Amino acid sequence: MIKIIILSAALFVGSYALASDAQYETQLFKLSKSLRGTPPSTADRAALRKASQEGRAESYLKELAKSYVSDPHFYDKMKSLVDELVRVKVDVAQYDQQNYAYDNLVRSIISKNLSWDQLLTAKSYQTLSSNDAFGPDEPLFYSLLDPTFKSKDDILEETKERVSYSFEFPAEDQRLAGIVTTQRFMNRYVTTALNKNRRRAAAVYRIFLCDSMIPTAPAADSKSQMMDYDVLLPHKNLKEEDIRRSFAGNIHGQQADCMSCHYKLDPLGQVFAFSAATLGVKASPGALRYKTKDLKQVNIPLRGFGDLGDQITQQKEYEKCQVSHFWRWFIGKDIPLTGEKEAEVIAAFNKVGRKPKDFVTYLVSRPEFKAKPQILTEEQVLAHRVTTIFKSCNSCHDSQGAYVWDLSALPYGEDQKARNEAIDTLIKVLDINHDGENAEMPPSDSLWQLSENEFATIKKWIEAGAPDFTGKPQVKNGGRP
Amino acid sequence: MKRISLVFILFWSSLSLASFEENSRRYLSVLEVKNTLGFYLPSVTNCNFEQGGGSALGMNSPLTGTPVSPSPTQATINWIVSCASSGLQYLPSAQGESSFYLLVGPEAKAIFQKEGHTPALFRKWSTLEKSLQKSIIRNMTELLLGSDHVINDFDLIAPDVLRERLFQGASKSSTVQDALSLIFINLALRDEFLSY
């Protein structure tokens with residue numbers, strides 16, 4: 001009997017060790033690919049096997065994660081993730097070959113493990129003059145801010161040489177805000193006389209507060225479209241009277257529906273007012289305005305870019321948003337981050353001083369990272385697809401008086417009654433039962449409309465019982481009585 | 001190359017299961033795939049992806065912030081094959097020697113070292129002992145995808161089945177170099193290689 005027990009115990013321990021080893025090796029591959037984008041070296045694999053045999057695989061992987069986040073490939077990876085977030089062309093140059101202030105700043109935050117807030121609050125820039133006599137010369141972008149500035153031509157007679165510039169401005173300078181006041185950001189989000197920097201403001205809201213605004217405003221009528229055209233290429237027969245009449249009419253930005261975004265975009269856009277080919281000598285005041293998820297109105301006057309960076313980085317929405325970026329990058333958007341778990345991760349983000357290397361090391365130590373990858377079920381895929389579509393609805397329903405509920409947060413409501421009501425409302429306003437023939441939403445005059453595929457996806461999701469992210473249906477019988 | 005194309009399509013089925021956006025797995029970026037291929041084949045050259053290949057491999061479009069294609073496309077296959085082939089063609093040269101021995105593994109290395117790596121590459125694959133062929137396949141599978149435990153955790157294919165398919169596919173190769181190329185490309189196109 002004792003022999004049988006010992007044998008069983010030995011078999012159990014043996015199978016357990018085998019399972020742990022497999023788990024650790026999979027973790028090692030995931031860790032290396034996730035942080036460096038390459039498989040682990042044979043030396044790392046051998047070291048893990050040894051550590052496993054000695055019962056210290058966990059601590060070995062923890063130490064390895066720390067070394068991986070100091071690998072130049074990690075800097076490349078983070079840089080490309082930030083590039084994708086900012087929506088600039090991903091730069092594939094090596095980490096030490098950057099020339100632009102934006103690239104140098106992002107890389108320096110990552111490699112030096114500076115606070116993530118520096119993306120918005122940094123006041124130091126390093127850049128190189130152009131080697132193309134006719135190309136954009138980034139140092140000139142900061143030239144008006146630095147009284148001691150000397151152009152490349154003043155320094156060198158031979159203009160083909162590139163000159164390195166380092167700009168250091170005081171922390172309280174109101175004219176600068178991290179990557180926002182770089183030429184790459186400004187050139188990515190160009191402005192026009194009509195746009196008035198709103199595109200730049202929208203990018204700031206999207207990147208730093210996860211507030212993606214979608215143009216859902218009523219389409220301009222033919223007259224105002226003509227007006228836009230005429231402002232750019234004035235028609236010789238157009239009279240001032242016509243212009244005034246056209247401006248007083250159905251112009252995007254002046255209607256109540258448009259204000260669901262413009263009340264945020266316009267005041268923030270004003271901060272960019274004095275910036276064109278070069279940054280303005282003076283800061284331009286504006287305001288940070290938005291509504292929180294619990295419908296509290298935020299309205300903070302800004303003296304300039306400096307306040308923009310300082311104030312945004314103090315917002316709860318900023319913490320939540322930045323943590324959600326990291327979560328998506330290293331854990332995955334298919335694993336929901338809500339409630340207590342979200343609070344815990346945000347607390348960890350703050351605890352490590354919002355330093356990217358430390359925070360990523362924390363994330364990869366979490367059980368969600370270590371979990372064996374699972375293929376999503378069809379129901380889960382549907383849940384992810386519809387919530388992506390519903391985020392467009394949120395861009396209006398999240399603000400002003402049109403708020404209904406967070407359409408992208410599943411499940412809807414605390415109890416079955418609330419879920420039934422929510423799905424019933426969706427069926428009604430989208431007219432699901434008649435293929436959207438008499439749909440109330442989105443409004444027929446909205447620029448944004450559901451595509452056939454999007455409608456079909458929502459219909460399929462409702463017919464499947466409107467499953468949440470775990471694949472569990474929220475309602476029975478596809479929402480039908 | 002035609003033979004390679006035919007065989008790797010058989011293995012492609014695992015990749016088509018996944019999508020860039022909706023799978024719980026995450027994919028290596030195009031730059032990382034290039035780095036990973038270079039990890040085994042330092043001589044990879046034909047890996048330019050700036051003319052659209054990046055988007056096909058899942059890199060986000062700067063315009064929309066999402067990948068152009070929700071899942072790997074034919075362009076993905078073409079790019080990986082082209083990039084890997086550019087490195088594989090250097091195997092017979094002096095600079096390919098260390099890659100060759102890394103790919104074939106210690107058992108084959110002990111045998112091939114006697115005749116030199118270039119003649120070994122031009123040997124007929126069919127002249128190798130079956131056990132040696134299997135040893136090379138086992139080594140390459142473990143090298144590129146990880147041990148059987150890692151492959152099992154992906155839950156896409158049983159490691160034995162994968163190796164048997166590779167063994168069958170490679171049996172039609174004329175030379176050792178052809179066989180190594182075929183095995184390498186097949187492995188490089190798998191989800192276990194491209195994702196984590």
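A:Asp435 is exposed, with a relative accessible area of 53%. This is a predicted model, so treat the numbers here as computed from it. A:Asp435 has a salt-bridge partner in A:Lys459, with N and O 2.7 Å apart. A:Lys459 sits in helix α21 of chain A while A:Asp435 is in the loop between α20 and α21, so the pair ties together parts 24 residues apart in sequence. A:Lys459 itself is partly exposed, at 21% relative accessibility.

## Other salt bridges

Across all chains, the count comes to 30 salt bridges. Some share partners: A:Lys79, A:Asp83, A:Asp103 and A:Arg184 are joined that way into one network.

A:Lys428 pairs with A:Glu440, their closest N and O atoms being 3.7 Å apart. Here A:Lys428 comes from helix α20 (residues 416-429) and A:Glu440 from the loop between α20 and α21, so this bridge links parts 12 residues apart in sequence. A:Lys428 is exposed at 56%, and A:Glu440 is partly exposed at 43%.

Chain A has 21 helices and four strands. Of its 481 residues, 49% are buried, and it exposes about 24,100 Å², 55% of that from carbon and sulfur atoms.

Chain B is built from 11 helices with zero strands. Its 196 residues are 58% buried, and its accessible surface is about 8,000 Å². Among its contacts with a separation of 6 or more, 72% are between residues 24 or more positions apart.

Key. Residues numbered from 1 in each chain as written. Chains lettered and ligands numbered in written order. Predicted model: local features only at pLDDT ≥ 70, side-chain atom pairs only at ≥ 80, totals over all residues. Heavy atoms only, no water. Helix = DSSP H or I, 4+ residues; strand = E, 2+ residues; numbered from the N terminus. Buried < 20%, exposed > 50% of the residue type's maximum accessible area, 1.4 Å probe, protein only. Areas by Shrake-Rupley, 256 points an atom, 1.4 Å probe, with all protein chains shown as cover. Contact = heavy atoms within 4.5 Å. Salt bridge = Lys/Arg side-chain N within 4 Å of Asp/Glu carboxyl O.
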